[in-house]
Amino acid sequence: MTSLLAISDLHIGYRENRRIVEELRPASASDWLLVAGDVSEKVADVEWALRLLADRFAKVVWVPGNHELWTHPSDPVQLRGEERYRHLVKVCGDLGVVTPEDPYPVWDGPGGPVTVAPLFVLYDYTFRVPGVASAEEALALAYEKGVVCTDEMFLHPDPHPSRPAWCSARVAETERRLAARTPGMPTVLVNHYPLVRQPTLVMRHQEFAIWCGTEQTADWHVRFDAQTVVYGHLHIPRTTWHDGVRFEEVSLGYPREWQPRTTPPGRPRQILPAPQPVP
């Protein structure tokens with residue numbers, strides 16, 4: 001059966017994860033694959049993985065995670081911020097991979113038709129613990145607790161003055177695109193970060209949530225007719241429901257995270273047709 005599938009947080013810098021990607025194949029030649037970010041920190045690795053997947057799946061849709069946006073010292077490509085993102089978009093264009101800059105494709109397979117909308121929306125430090133009133137206070141608390149995202153060293157917002165400013169620019173552009181989509185057709189929204197705060201509440205270190213999304217997207221799943229929202233980043237693969245909309249966290253994650261699980265690693269989650277609930 002033809003399926004719309006999704007996976008994220010492949011982190012192929014780890015040998016075990018790279019091997020999983022090498023073995024990843026569709027069940028049907030007409031399957032689509034949504035890749036919700038964090039393939040790798042290195043441009044060459046991102047290109048290798050997406051080329052491999054684009055050769056196997058009928059269509060691959062990619063959105064950037066924070067790791068792709070890092071300017072890591074080990075990467076020969078030292079582009080920063082917006083320029084780095086645009087370079088990755090060009091790499092995807094050369095491979096035939098759909099990005100947030102392309103027209104939204106329509107899935108006409110089982111469970112369709114739906115508009116598949118790849119999104120690039122960052123974070124703005126608004127997922128704060130109770131009692132914390134500002135981004136500055138939230139960052140200070142995270143540093144005090146020793147729970148600090150590596151983005152603070154490697155994810156540069158150039159030419160925007162800050163990551164929250166880049167986030168706001170992306171929110172405005174993405175809202176414009178979503179409002180202009182085909183009216184009346186449901187959507188599958190794909191973003192690296194969860195669009196609502198609730199999925200982060202199970203994280204062990206709540207101080208880390210400030211790097212996990214923005215309150216500016218809290219109603220998008222309702223406003224933009226989402227049938228399903230696909231995301232990663234948290235490395236907590238699961239299904240949750242918010243306002244009657246299915247949210248799928250589709251991370252593979254680091255080997256230390258997936259190795260203890262009883263389920264086989266690296267199997268994309270089925271988005272459409274919607275899986276039947278387990279009795």
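Predicted model: local features only at pLDDT ≥ 70, side-chain atom pairs only at ≥ 80, totals over all residues.
Contact here means heavy atoms within 4.5 Å.

**Entry 1: helix α1**

I started with α1, which runs over residues 15-22. I looked up its buried residues and got N17, I20 and V21. They cover an arc of only 100 degrees around the axis, so they sit on the same side of α1. Next I asked what that buried set packs against, and found α2 (43-56) and α9 (255-258).

**Entry 2: H67**

I moved on to H67, which I found in helix α3, residues 66-69. Is H67 buried or exposed? Its relative accessible area is 7%, and the cut-off for buried is under 20%, so H67 counts as buried.

**Entry 3: the largest pocket**

I checked pockets next. The largest has a volume of about 680 Å³. I counted 23 residues in its lining, with F208, L234, H235, Y254 and E257 nearest the centre. Which elements give two or more residues to this lining? They are α3 and α9. By type, the lining of the largest pocket splits into 10 nonpolar, seven polar and six charged residues.

**Entry 4: the second largest pocket**

The second largest pocket comes out at about 310 Å³. I found 14 residues lining it, and T263, P264, G266, R267 and R269 are the closest to its centre. I sorted this lining too: eight nonpolar, three polar and three charged.

**Entry 5: R163**

My last stop was R163, in helix α7 (residues 163-179). R163 counts as buried because its relative accessibility is 12%, and the limit for buried is under 20%. What does R163 contact, leaving aside neighbours within four places in sequence? I listed Y123, Y125, D151, E152, L155 and P157. For Y125 I looked at the side chains, and there is a polar contact between the side chain of R163 and that of Y125, at 3.1 Å. I also checked R163 against E137, 26 residues away along the chain, and their C-alpha atoms are separated by 16 Å.

Methods
Residues numbered from 1 in each chain as written. Heavy atoms only, no water. Buried < 20%, exposed > 50% of the residue type's maximum accessible area, 1.4 Å probe, protein only. Helix = DSSP H or I, 4+ residues; strand = E, 2+ residues; numbered from the N terminus. Arc of directions from axis to C-beta. 1 Å grid on protein atoms, 1.4 Å probe; cavity = no way out; pocket = protein on both sides within 12 Å on 5 of 7 lines; lining within 4 Å. Points joined across faces, edges and corners; volume = space filled by probe spheres on them. Nonpolar A, V, L, I, M, F, W, Y, C, P; charged D, E, K, R; others polar. Polar contact = N/O pair within 3.5 Å; in protein donor to acceptor, adjacent residues only side chain to side chain.
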